[in-house]
Amino acid sequence: MAKVKYYYDAETLSYRKIERKKSTTIKYTAVFLLASALFAFLFVFIASQYIESPKERQLTRELQNMQLQYELLNKRMDDAIAALENVEERDNAIYRLYFEANPIPEEQRRAGFGGVNRYKKFEGYDNSQLIAESNKRLDILEKAIVVQSKSLDEIAKLAKDKEKFLEAIPAIQPVRNENLTRMASGYGYRTDPFTKARKFHFGMDFTAPRGTPIYATGNGIVKRADNRASGYGKHIRIDHGHGYISLYAHLYKYNVRVNQRVKRGDLIGYVGSTGRSEAPHLHYEVFKDGERINPINFYYGNLSASEFNELLRKASLENQSLD
């Protein structure tokens, strides 16, 4: 029960009860509530500086986990960059060198990241540097992968072109060894069988019985199969592309027609002795950019080292040709 307070009234010479005004009560109550609220605010503010709430603890754990994930991402990017650099090194030092393509310079592989700060949006956070650096490294990695991918596409095209080139150039002996009587004459100065004069022989003569199969020495298109060239008799010319043409002369008969596409090893005709020929044999020539070249350099496709050396020995003998 609240205490009742009195005051002495000098006029009436008596004690009178003190009556508190309603406004005063409201004022005291307001002051009390304000003071309580201020105290509570200060308490919460000070406590928040030293004591984490469950929500803050959850956010802290999430931030730590995010930082760990970024660190793991950077580690994985280190491994990816190392693997990519190994591919880039092989690309420049092996693949592009083999296919006679210029190496891709380092500045081209890493270009495109100067000038405007594209990572400004990551500034202003506790881990801004980590996030910005991770995104920068990821962008560099993506760019390098794109450059390397385009390079490998180019290498694949060069390889395909190289494969077509290797399949096209004359690379086998036109008459198989088991069908040969002998290698009669090679490329160089030889004695003419009709005039007995010493003159340059522009092909190789392979002696074989009439009707012996003759094979295309490389992929190409038959450009001629006729007897309208002086001295060659029935002969075939195959255009291999890349400036190469092979010629097969003194044939008995053809097994191809003009404009027919042939592959290396296809049967194209048979040994004969038509035209300016002394005996059944195949006269074989190779042209490069319109110039006759020594066919001895184009038998690596089906001769062993010992067979090639023996063929080279016989071809170098200055004897009498058969045409």
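Predicted model: local features only at pLDDT ≥ 70, side-chain atom pairs only at ≥ 80, totals over all residues.
I started at the largest pocket, where β5 gives the largest share of the lining, 3 residues. Strands here are DSSP runs of E, at least two residues, numbered from the N terminus. A pocket is an open set of points on a 1 Å grid over the protein atoms alone, where a 1.4 Å probe fits, with protein on both sides within 12 Å along at least five of seven lines; lining residues have an atom within 4 Å of a point.

Residues are numbered from 1 along each chain as its sequence is written, and side-chain values use heavy atoms, without hydrogens and water.

Back to the pocket. I found 14 lining residues, with K199, Y232, R276, H283 and D323 nearest the centre. Both β5 (198-201) and β14 (281-288) give two or more residues to this lining.

Next I looked up the sheet β7-β13-β11, an open one of 3 strands with antiparallel pairing; strands pair if DSSP finds at least two bridges between them. Because β7 (213-215) and β11 (251-254) each have a single partner strand, they stand at the edges, and one side of each lacks a neighbour in the sheet. I counted 3 bridges between β7 and β13 (residues 267-271), and P213 stands opposite Y270.

Technical notes. Helix = DSSP H or I, 4+ residues; strand = E, 2+ residues; numbered from the N terminus.
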